[in-house]
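Student: I would like to learn how to read a few features of a protein model. Please start with the terms.

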Number of protein chains: 2
Amino acid sequence: MNKYNPYFANVKEASRKLIRIGNDQAGEVLARLAELLEEKTWFLLAENQKDLDRMDATNPMYDRLALTEERIQGIAREMLAVQKLPSPLHLRLEEKILSNGLYLEKISVPLGVIGVIYEARPNVTLDVFSLALKSGNGLILKGGSDAEFSNRAIIQLIHQVLREFEFPEKAFLLLPSDREATKALLEAVDFVDVIIPRGSQRLIDFVRQNAKVPVIETGAGIVHTYVDESADFEKAKAIILNAKTRRPSVCNSLDCLIIHRSHLPNLEHLIAPLIDAGVEIFADSDAFAALSSNPNISEANERHFGTEFLSLKLSIKTVENLNQALDHIARFSSKHSEAIIAENQEAIDRFLLEVDAAAVYANASTAFTDGAQFGLGAEIGISTQKLHARGPMGLRELTSYKWVVRGNGQVRG
Amino acid sequence: MNKYNPYFANVKEASRKLIRIGNDQAGEVLARLAELLEEKTWFLLAENQKDLDRMDATNPMYDRLALTEERIQGIAREMLAVQKLPSPLHLRLEEKILSNGLYLEKISVPLGVIGVIYEARPNVTLDVFSLALKSGNGLILKGGSDAEFSNRAIIQLIHQVLREFEFPEKAFLLLPSDREATKALLEAVDFVDVIIPRGSQRLIDFVRQNAKVPVIETGAGIVHTYVDESADFEKAKAIILNAKTRRPSVCNSLDCLIIHRSHLPNLEHLIAPLIDAGVEIFADSDAFAALSSNPNISEANERHFGTEFLSLKLSIKTVENLNQALDHIARFSSKHSEAIIAENQEAIDRFLLEVDAAAVYANASTAFTDGAQFGLGAEIGISTQKLHARGPMGLRELTSYKWVVRGNGQVRG
């Protein structure tokens, strides 16, 4: 027992009432909250400034921590976008009538209580609240300590709106920023149904190592694109440039280019746009030998493979055939997004069948792995595990289901 | 690093090949294995006898451990039933064409490698193999040490058939019965996608406490049936008798009868068939006062609620109204199976909406919570968690999905 469990018990208890809130009512709450965010922008900015004042402005997290009037407007707009999404609840996923007359329905229901552990990004607090309310889930939030003033201000506004609507505000709890609270959350198996960590690999590893509650891992993307012997060279060039440079800091960006040996003579041409964009290349010995000397190109060592760079860096691996490419991917992939560029249909089909990843692509940029792009609406993260939800997680992925069985006295023989 | 990881790596590597095995081929393996089980019955019985010789015949596990000619035939028949089920793989769960021409399909795929930890029931080894092969999953089995000879004999036959068909036998591994092997499996996050414990609550708790790999919890059922004020008395009587006495040792059997106060005068009549069947009753003070003295009826204390009896025992809780029943269930349920007996449609609807359990029933026995009854075919267990799969888990619940994206050069703006 620890001092947080009574609060967790309150969240669980209050969250039972969420299933009775209709989609329209949840939408009204979100609309009102979006309005309040704009009314209280001065308050949010003032509280956020207290956090910013505690952080060195050269810290790479500083920008993610900062709220601005424009960003708050953006958050409010996203909230209204979530409002307009269809409800993920009460959907009849299956139905059957058994021979004894029992009527079975498989109905979507909230997961229950979701714990979210994240870093100093106050926008996450609001994004996650919108999705949780809309999917009928209670929420226990553990934000980064660097964002404590901002997050407290935000949860205050959330609670204010919930009170206005006489909704169970206790179903949405912000934990204080101390390690003991995190530890309690990770072990709260009686109160929390799933924990979603959002942030760095270090955070995710910590959560996985310490959680007793089920975890959905999100984030890490060690992404490959394989240029098959049969590839259209111009397509390959454009796709690779896009996958690497569009937003190098996100999880779907390219980390390792795998090329079929037949392209070595043209490799220089293939990567020229990357060099122009300032990408630093780590080429295996065959690829390195095929390239002219360039300060941005060095020879790869083992640790350049299986690395998520999140920056303008790229490794290159040369293979003899598709099998070697598949083996390399199986060994180093984090099962996020993987692509083949090929015109040979058999190679495409084998790749799409055999590569084990949340999203597998033929002749397209891995930059498309994203909830909005896939038509899921807002996303709470990109799952890299295979249980429950894989790839972009939207509202539907925040639900479970139950079997509803209606009878008129049936007993089992 | 531990000595088991190289074996786990082999399972993972070999299991990659399973996705290429067609449903017909998997079926041929199962048919051949069913045949071989009958051919080698003498061998299985002899090995099983070695295990039985080590166990005291008065041990309650003795019967579960024992194989007989008839039981082996039953296992073979179930294997042929699994053979006939439709494949859960390569199903198109969704498809969409994006405005940029990208073609997305959400396709069912194997989970990858499944770890199963179970007790001294050799039939589980074969049941789980059938389901894993059919769903394209590799398997790491950790059976009870009491069944070690039996399990070794079984895995030998499995490997023999896989070799005959030139299928990757290394994808199916039986671990030796030592604690170190279990520990290694529970921590094998790089090699195992999910662990399913099958057995006692103690086993499940141990797995949950120690696993780093995601776990699907199965089994524990603390089951309630609420007799509403509006209940049809004869229906209630028959349903309660069936739910409690049909098979008291299984997880869907009734543990706590909740009665509306209005039924207290008739409670004696309601439970008469239970008393006749030898059920021991623990009644709360109101119910106790309403019943005549009987050696099988005693007054309940707190620990009789929230207990999975798995035997001919039943607690009785008296409530004033539906809300109290819902609160009692929310507090004590293990979210397995819960039932209401009522004629009032509003009470039924509220119960079915608000009770959070894998299966919620109106006017039927909870004994129906079962994969075969729900039409899922064979079942690997009954999940009591909300992530991934809930309730009976059949072949479909042993799959994940991936997004397959086909383009012709698309990049993201």
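Tutor: Contact means heavy atoms within 4.5 Å. This is a predicted model, in which local features need pLDDT of at least 70, side-chain atom pairs count only at pLDDT 80 or more, and totals for chains, interfaces and linings use all residues; side-chain values use heavy atoms, with hydrogens and water left out. Residues are numbered from 1 along each chain as its sequence is written, while chains are lettered from A and ligands numbered from 1 in the order in which they are written.

Student: Which residues is B:Leu36 in contact with, leaving aside its neighbours within four places in sequence?

Tutor: They are B:Leu157, B:Gln160 and B:Val161. The C-alpha atom of B:Val161 is 8.3 Å from that of B:Leu36, although 125 residues separate the two along the chain. B:Leu36 itself belongs to helix α2 (residues 23-39) of chain B; helices are DSSP runs of H or I with at least four residues, strands are runs of E with at least two, and both are numbered from the N terminus.

Student: Is B:Leu36 buried or exposed?

Tutor: Buried means under 20% relative accessible area, exposed over 50%, and partly exposed in between, with a 1.4 Å probe and protein chains only. B:Leu36 counts as buried because its relative accessibility is 1%.

Student: How do I read a sheet?

Tutor: Strands of a sheet pair through backbone hydrogen bonds, either parallel or antiparallel. Two strands count as paired if DSSP finds at least two bridges between them. Here 10 strands form an open sheet with mixed pairing, in the order β10(A)-β9(A)-β11(A)-β8(A)-β7(A)-β12(A)-β13(A)-β16(B)-β2(B)-β1(B). Its edge strands, each pairing on one side only, are β10 (297-299) of chain A and β1 (92-97) of chain B.

Student: How many bridges join β8 and β11 of chain A?

Tutor: Strand β8 (residues 254-260) and strand β11 (residues 313-319) of chain A pair in the parallel sense over 5 bridges. Within β11(A), A:Ile316 stands opposite A:Leu257. Helix α13 (residues 322-332) of chain A packs on the sheet, touching β7 (223-227), β8, β11 and β12 (337-341) of chain A, and its direction makes about 175° with that of β7(A). Such angles run from 0 to 180 degrees between N-to-C directions, with axes fitted to C-alpha atoms, for helices over the stretch in contact.

Student: Where are the domains of chain A?

Tutor: Domain bounds come from an automatic or database domain assignment. In chain A, domain 1 covers 5-218 + 388-406 and domain 2 covers 223-371. Their centres, taken over C-alpha atoms, are 36 Å apart.
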